[in-house]
Amino acid sequence: MLLRLLEERRPLDAVIFYDTGMEFSAIYRLRDAVKPMLAERGVEFVELYPSEPFLYSMLEREVKNRDGSGTHNGYGWCGGPCRWGTEQKKLQAIRRYKSSVGDAVVDYVGIAADEPQRFEKARSEGKRLPLVEWGMTEADCLAFCRSRGYAWQEDGIDLYDILDRVSCWCCCNKNIGELRNMYHLLPAYWENCGRFSIESRAP
Ligand code: SF4
């Protein structure tokens, strides 16, 4: 979405990168590749972070039990019905940023043309969906980026060849095929996930 907005010279004041701290290295490299391109065009690059470190929220912070019986440590793995990293932390940080610049902000959001289940909510919040306007599916977007020379390289592998979606490396939305690929092809990330499982079970 960003590449095509720039190519079409659509109005663009700022690009927000929300850093969970749990992105694949490939994502940080792409961020660093995009920054000079934005600077050259006078587009501000804004990096936002969660209010507390991701791992602290996941494993350590004191959280009240739903049944009122006491507390436990950490929200646990993020993803599925418990997407605290997105629903709470990311949206909170973006809302805070937007109110700091004035709420009359036009948001471009990269929802693809083949994600109709996401249209209604985004539109009801006044967001613009350029990919939908262009009729670009997720596969079209990937092909577009690759045609411009972008790749998500990690240990000689393009992440989009082994994952359906490149989200946080510890995201528990990953399906069994993606997890299998991580186990075989990205063992360092896999081992880190195993380490967190042990820590989250520790008394
Ligand atoms: S990508 Fe997954 S782990 Fe990361 S914030 Fe979103 S739901 Fe949570």
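Okay, let's start with a definition: a residue is near a molecule or strand if its C-beta atom, placed from the backbone, lies within 6 Å of it. With that in hand, the residues around the ligand here are T20, C78, G79, R83, G85, T86, S167, C168, C170, C171 and N173.

Before I go on, some housekeeping. What we have is a predicted model, where local features need pLDDT of at least 70, side-chain atom pairs count only at pLDDT 80 or more, and totals for chains, interfaces and linings use all residues. Residues are numbered from 1 along each chain as its sequence is written.

Back to the ligand. What kinds of residues make up the shell around it? The shell divides into four nonpolar, six polar and one charged. For that sorting, Ala, Val, Leu, Ile, Met, Phe, Trp, Tyr, Cys and Pro count as nonpolar, Asp, Glu, Lys and Arg as charged, and the others, Gly among them, as polar.

Now zoom out to the whole chain. There are 10 helices and six strands in it. By helices (H or I, at least four residues) and strands (E, at least two) I mean DSSP runs, numbered from the N terminus. The radius of gyration is 18 Å, close to the 17 Å that the globule rule gives for 203 residues, so the chain is as compact as a globular protein of that length. That radius is taken over C-alpha atoms, and the globule rule is 2.2 Å times the number of residues to the power 0.38.

How much of the chain is buried? Buried residues make up 13% of the 203. The cut-offs: a residue is buried if 20 or more other C-beta atoms lie within 10 Å of its own, exposed if 12 or fewer, and partly exposed in between, with C-beta atoms placed from the backbone.

Strands β1 and β2 (residues 44–48) pair in the parallel sense over five bridges; two strands pair if DSSP finds at least two bridges between them.

Helix α2 itself has 16 residues and reaches 24 Å from its first C-alpha to its last, close to the 22 Å expected at 1.5 Å a residue. The expected span is 1.5 Å times one less than the number of residues. After α2 comes G42, with a positive phi near 75°. V43 is found in the loop between α2 and β2, and V43 is partly exposed because it has 18 other C-beta atoms within 10 Å. From V43 to C168, a ligand-shell residue, it is 26 Å in space, C-alpha to C-alpha, and 125 residues in sequence.

R9 has one of about 55° although it is not a glycine. Where is R9? Look in the loop between α1 (2–7) and β1 (14–18). R9 is exposed, because 8 other C-beta atoms lie within 10 Å. D155, also not a glycine, has a positive phi of about 50°. D155 is in the loop between β5 (153–154) and β6 (157–158), and with 12 other C-beta atoms within 10 Å, D155 is exposed.

The C-alpha atoms of F54 and C78 are 24 residues apart along the chain and separated by 9.6 Å. Over in α4 (residues 84–101) sits Q88, which counts as partly exposed because it has 15 C-beta neighbours inside 10 Å. Q88 and P50 are 38 residues apart along the chain, with their C-alpha atoms separated by 9.1 Å.
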